[in-house]
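Here is a short report on one protein model. Keep the sequence and the 3D view at hand as you read.

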Amino acid sequence: MDQPTIPPRILIVDDNDAAADIAAELLGLYNYKTAVAYSGAEGLQTAMAFMPDVVLLDLGMPGMDGYQVATALRAMPAFQDVALIAFTAWDDPATLARTRSVGFDQHITKPSSLDEILNAIHSASAMRGGFHQKTA
């Protein structure tokens with residue numbers, strides 16, 4: 001008998017509480033299991049507990065910014081296959097180059113449509129070998 005497949009897990013890290021909560025709610029409508037964190041340090045802690053497949057990560061956060069979170073995640077073996085998506089208002093060439101250099105798979109600019117977010121999730125996940133088939 002096949003075991004039920006666990007929905008892909010998405011962690012949203014953003015210091016704008018409302019933006020993080022809305023993104024989580026919308027993604028939940030598409031059968032993603034979501035978690036939110038409202039700071040970089042909280043994002044790292046939540047990632048270790050939640051073990052996401054994808055992280056939507058704001059760059060401009062006080063304290064530990066998104067670049068530092070991405071660098072820390074990429075340094076841990078458990079997060080090598082996790083898709084990282086920069087989710088930010090910044091889209092200048094220097095920012096795009098920096099997100100690539102620290103290990104982001106995709107870069108989407110706020111505000112983004114739900115379709116843009118979903119496309120980035122699927123594209124970034126495909127770059128990392130697709131969603132892992134976890135079972136309950």
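## Ground rules

Helices (H or I, at least four residues) and strands (E, at least two) are DSSP runs, numbered from the N terminus. This is a predicted model: local features need pLDDT of at least 70, side-chain atom pairs count only at pLDDT 80 or more, and totals for chains, interfaces and linings use all residues. Residues are numbered from 1 along each chain as its sequence is written, and side-chain values use heavy atoms, leaving out hydrogens and water.

## The whole protein

The protein has five helices and five strands. Along the sequence they follow the pattern β-α-β-α-β-α-β-α-β-α. The radius of gyration is 14 Å, close to the 14 Å from the globule rule for 136 residues, so the protein is as compact as a globular protein of that length. That radius is taken over C-alpha atoms, and the rule is 2.2 Å times the number of residues to the power 0.38. The C-alpha atoms fill a box of roughly 50 × 30 × 25 Å, taken along the principal axes.

Of the 136 residues, 43% count as buried. Buried means under 20% relative accessible area, exposed over 50%, and partly exposed in between (1.4 Å probe, protein chains only). Now take contacts (heavy atoms within 4.5 Å). Among those between residues at least 6 apart in sequence, 61% join residues at least 24 apart.

## Helix H2

Which residues of helix H2 are buried? In this helix (residues 40–50) they are Gly40, Gly43, Leu44, Thr46, Ala47 and Phe50. The buried residues of H2 pack against strand E1 (9–13), strand E2 (33–37) and helix H3 (66–75).

At the start of H2, a side-chain oxygen of Ser39 comes to within 3.1 Å of the backbone nitrogen of Glu42. This is a polar contact (a pair of N or O atoms within 3.5 Å; within protein, one must be able to donate a hydrogen and the other to accept it, and residues adjacent in sequence count only if both atoms are side-chain atoms).

Most residues other than glycine have a negative phi, and most peptide bonds are trans. Met51 is not a glycine, yet its phi is positive, about 50°. Met51 lies in the loop between H2 and strand E3 (54–57). At 34% relative accessibility, Met51 is partly exposed.

Asn31 also has a positive phi, near 70°. Asn31 sits in the loop between helix H1 (17–28) and E2. Its relative accessible area is 57%, so Asn31 is exposed. The peptide bond from Lys110 to Pro111 is cis, with omega near -10°. Pro111 is in the loop between strand E5 (106–109) and helix H5 (114–127).
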